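Hi there,

Here is the structure I promised to pass on to you. Have a look at it first, and then read my notes below.

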Amino acid sequence: MESVAAPGSPLARIIDASLQRAGGWLPFDRFMALALYAPGLGYYAHASRKFGHMPASGSDFVTAPELTPLFGRALAVQVAEALEKTGTDEVWEFGAGSGALALQLLDTLGERIARYRIVDLSGSLRARQQETLAAHAGRVEWLGELPEKMRGVVVGNEVLDAMPVQLLARVGGQWFERGVVAAAVVGAASGWAWEDRPTLLRPPVDIEGDHDYLTEIHPQAEAFVATLADRLTQGVAFFIDYGFPESEYYHPQRHMGTVMCHQGHRADGDPLADVGAKDITAHVDFTGIALAAQDAGLAVLGYASQGRFLINCGLLSLSDAATVQQRALAGHLVHEHEMGELFKVIALAAGAPWEPLGFAEGDRSHTL
């Protein structure tokens, strides 16, 4: 897909106007928010396919529910237990993508879910979700924002990684916030370029060494978790995403940061190119998420690799009854060199703590 932020395009004009209002410099989190969520123009706000198995479909990446329905069936085992333990009958999904996970949970759990509520900012994705979930239309509801109060089981697969991050760069021993300027400011022909400005912001831990270092901080994801804590009166939230605990995230050797873009099933590290035509993500600092949750009154029920979590939820026995192809695809979900180790699952509860089966073995909460 050609960049929707080519010079003079509507998205480019929005970004340039924001730059002008900000005095010519935008912190990266504000640029990322426009690139992904500008109404009708940002990556998640227009009608490109995004989710799919192969580039030939016009998609940019595949997530676990699109890879195999066994993902949703295994997660449904945990969701069913959570509904019972919390005494609730509603499921809330943030950023439901194509609707594949919602379909898998609804198909598997049936009437145990009285109401399935999807909170999604993308109108174009909502239309696709409605098509996918047509058979369950009577039980699905869409919201554009969090309600004041909510009860039930919350799921979010690859949601936290798409929340805008701030970039911090240590250069020559000094800390800067990395932002975006018009390319003309640095002598380039068109588009945008990086510019660092001195800042008092710091990563949550000291970075050993004196080498140059680029990383991210996650105030928006942490604020989202705090807001969720304020609204969730009874229930539990399961977030599945790629990331690390703080000690790994801010390791001295991880000096190039984790911001990554995805387009046509290829990854690149330049969020200033093809803006609006590709996804922009950053890995999740799960320690920051856990601390934000605890500070807001939620309990951390568990933290584990996706592979261990899904195995605890019975993925292997579900695979035994599947086709050879589906068993092979399920392997991608749990193998350590694929999604099994890079992706993690964290559970956050409102109400009395309990022990979810997904963390019965391999719980790593002590590493957060």
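The notes below cover a sheet, a helix and the cysteines.

Please keep in mind that this is a predicted model.

Three strands make up an open, antiparallel sheet, and their order is 14-13-15. Strand 14 (266-268) and strand 15 (279-281) are the edge strands; each has a single partner strand, so one side of each has no neighbour in the sheet. On average, neighbouring strands here are turned by 30 degrees against each other, if direction is ignored. Strand 13, which covers residues 260-263, pairs with strand 15 over three bridges, in the antiparallel sense.

Next comes helix 5, which runs over residues 100-109 and is mostly covered, with seven of its ten residues buried. The buried ones are A100, L101, A102, Q104, L105, L106 and L109. Just after the helix, G110 has a positive phi of about 55 degrees, which may be a handy spot to check on your screen.

Finally, the cysteines. How many disulfides does a search of the whole structure find? The count is zero. As for burial, C261 has a relative accessible area of 0% and is buried. C313 is buried as well, with a relative accessible area of 4%. Both values lie under the 20% cut-off for buried residues.

Enjoy exploring the structure, and do write back with any questions.

Best wishes

Key. Residues are numbered from 1 along each chain as its sequence is written. This is a predicted model: local features need pLDDT of at least 70, side-chain atom pairs count only at pLDDT 80 or more; totals for chains, interfaces and linings use all residues. Side-chain values use heavy atoms; hydrogens and water are left out. Two strands pair if DSSP finds at least two bridges between them. Helices (H or I, at least four residues) and strands (E, at least two) are DSSP runs, numbered from the N terminus. Axes are lines fitted to C-alpha atoms, for helices over the stretch in contact, and angles run from 0 to 180 degrees between N-to-C directions. Buried means under 20% relative accessible area, exposed over 50%, partly exposed in between (1.4 Å probe, protein chains only). A disulfide is a pair of cysteine sulfur atoms within 2.5 Å.
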